[in-house]
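The stops below are meant to be followed in order.

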Amino acid sequence: EFRRVLFRSLILDDDKTRHDTYDRVYMGHTVRHAYTYYEFLADLDRDSPWDVFHLDHDLGDLTTGDFYYDGWGRKREYNGQHASLRICELQDDRLPKKVIIQSVNPDGAAAIFSNLKRRGVDVVRQPFTSMIDPGDAQ
């Protein structure tokens, strides 16, 4: 007998089209959408552990994304690398089973990958495409 395994996915991306695609790909599963760093943190802290995270690196700009001021007083955007650092702080039993880095920003994706790999998280880089199967991520 075939039994479908349901899973929970948290998507961090500022692009609504990508979120809509994940809704179709993950139909029947629990999908939570975060468009900003702070939305991601709220879901991360409230509902961990998750099965799958999708992380984008670039999350809007200084007018649409979440931001902070650095030590020199410059306005900076929170991005997927900040999210990866927060994931690394989770206790082992709250870590996701897998993180898929969907960013098309190669340097940003590499930084996220490095953070999570050092923490021992199962992480893959799979730049976003319109046809996604998280089980096929390499």
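**The whole chain.** Select everything; the model is a predicted one. The chain contains four helices and seven strands, and from the N terminus its elements follow the order β-α-β-α-β-β-β-α-β-α-β. Of its 138 residues, 49% count as buried. Among contacts between residues at least 6 apart in sequence, 61% join residues at least 24 apart. A surface display would show an accessible area of about 7700 Å², with 51% of it belonging to carbon and sulfur atoms.

**Helix H3.** Select residues 80-88, which form helix H3. Is this helix mostly covered or mostly uncovered? Mostly covered: seven of its nine residues are buried. Show the side chains of His82, Ser84, Arg86 and Cys88, which are among the buried residues, as are Gly80, Ala83 and Ile87.

Next, display what surrounds them. The buried residues of H3 pack against strands E1 (8-12), E3 (52-55), E4 (67-69) and E5 (75-77), and also against helices H2 (37-47) and H4 (106-119).

Then move to the N-terminal end of H3, which is capped by asparagine 79. A side-chain oxygen of this asparagine lies 2.7 Å from the backbone nitrogen of glutamine 81.

**The H2-H3 pair.** Two packed helices are described by the angle between their axes and the distance between the axes. Here the axes of H2 and H3 come within 10 Å and cross at roughly 20 degrees. Because an angle under 35 degrees counts as roughly parallel, H2 and H3 are roughly parallel to each other. The crossing of H2 past H3 is right-handed. On the H2 side, Tyr37, Phe40, Leu41, Leu44 and Asp45 make the contact, and on the H3 side His82, Ala83, Arg86 and Ile87.

Now colour the buried residues of H2: Tyr37, Phe40, Leu41, Asp43, Leu44 and Asp47. These residues pack against E1, strand E2 (30-34), E3 and H3.

**Leucine 44.** Finally, centre the view on leucine 44 in helix H2. Why does leucine 44 count as buried? Leucine 44 has a relative accessible area of 0%, and the buried class covers values under 20%. Leaving aside neighbours within four places in sequence, leucine 44 is in contact with Leu10, Trp50, Phe53, Arg86, Leu90 and Arg94.

Notes
Residues numbered from 1 in each chain as written. Predicted model: local features only at pLDDT ≥ 70, side-chain atom pairs only at ≥ 80, totals over all residues. Heavy atoms only, no water. Buried < 20%, exposed > 50% of the residue type's maximum accessible area, 1.4 Å probe, protein only. Helix = DSSP H or I, 4+ residues; strand = E, 2+ residues; numbered from the N terminus. Contact = heavy atoms within 4.5 Å. Polar contact = N/O pair within 3.5 Å; in protein donor to acceptor, adjacent residues only side chain to side chain. Areas by Shrake-Rupley, 256 points an atom, 1.4 Å probe, with all protein chains shown as cover. Axes fitted to C-alpha atoms, helices over the stretch in contact; angles between N-to-C directions. Parallel < 35°, antiparallel > 145°, perpendicular 65-115°, else oblique. Left-handed = near helix turned anticlockwise from the far one by under 90°.
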